[in-house]
Amino acid sequence: MRRLLILPALLLCSSNGFAAYSPSTTNGWLVTSGRVAGAGGALFRTDVWLFNPDETAAATATLVFHPAVTSGQGAADEVSSDPITLAPRETRFFADVTLETVPAGDGVVGALEWRSDRPLMAAARIYTFTPTGTYGF
């Protein structure tokens with residue numbers, strides 16, 4: 001009986017028992033991104049942040065844009081960024097990502113994927129810029 005009680009205690013004290021959770025991953029998706037003109041001079045756009053949580057190693061990532069297609073069509077050709085290197089603990093901001101960083105162009109929407117050699121975290125701000133203000137999430 002004594003051995004059975006010691007085993008769970010040892011498992012709780014192991015390094016895995018104290019490991020921190022991280023949502024970082026080597027491959028992830030931002031399900032909506034793009035740059036499209038809307039009504040009344042509005043502009044739908046996407047800004048992206050990439051963060052390398054590693055304290056010692058640089059990460060190399062590529063952003064891959066997957067343009068939306070209409071129902072029944074085959075997948076469109078993906079558009080990739082140049083390789084992006086993030087130093088340890090670096091956060092990089094990409095304004096209007098589908099126009100400059102991932103040269104998908106104006107008037108397109110789709111999904112944005114990241115592929116990396118090390119786990120990264122990503123966030124996006126998807127919003128509409130209008131002459132009267134900015135709206136979005």
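A nonpolar core is a set of buried Ala, Val, Leu, Ile, Met, Phe, Trp, Tyr and Cys residues joined through side-chain atoms within 4.5 Å; buried means under 20% relative accessible area, with a 1.4 Å probe and protein chains only as cover. Keep that in mind for the tour.

**Before you start.** This is a predicted model, in which local features need pLDDT of at least 70 and side-chain atom pairs count only at pLDDT 80 or more, while totals for chains, interfaces and linings use all residues. Residues are numbered from 1 along each chain as its sequence is written, and side-chain values use heavy atoms, leaving out hydrogens and water.

**Stop 1: the whole chain.** Show the cartoon and you will find one helix and eight strands, in the order α-β-β-β-β-β-β-β-β from the N terminus. These are DSSP runs, with helices (H or I) of at least four residues and strands (E) of at least two, numbered from the N terminus. Of the 137 residues, 31% are buried.

**Stop 2: colour by confidence.** pLDDT is the predictor's confidence in each residue, from 0 to 100. The chain averages 83, and 83% of the residues score at least 70. Select helix H1 (residues 2-13), where confidence is lowest, with a mean of 43; strand S5 has the highest, at 98. Over residues 1-19 the pLDDT is below 50, and beyond near neighbours in sequence this stretch has four contacts in the model. A contact means heavy atoms within 4.5 Å. Where pLDDT is low, the predicted coordinates should not be read in detail.

**Stop 3: the core.** Which residues have the most contacts inside the largest nonpolar core? Select Leu63, Val97, Val102, Leu112 and Leu120; the core has 16 residues. Strands S2, S3 (59-67), S5 (84-86) and S7 (108-130) each supply at least two residues of this core, and S3 gives the most, with four. In soluble globular proteins, nonpolar side chains tend to be buried together.

**Stop 4: Val97.** Leaving out residues up to four places away in sequence, Val97 touches Thr46, Val48, Leu63, Val102 and Leu112.

**Stop 5: Thr46.** Now pick Thr46, in strand S2 (residues 43-51). Is Thr46 buried or exposed? Thr46 counts as buried because its relative accessibility is 1%. Beyond neighbours within four places in sequence, its contacts include Phe94, Ala95, Asp96 and Ile126. Finally, draw a distance from the side chain of Thr46 to the backbone nitrogen of Gly34: it comes to 3.1 Å.

Key:
Buried < 20%, exposed > 50% of the residue type's maximum accessible area, 1.4 Å probe, protein only. Polar contact = N/O pair within 3.5 Å; in protein donor to acceptor, adjacent residues only side chain to side chain.
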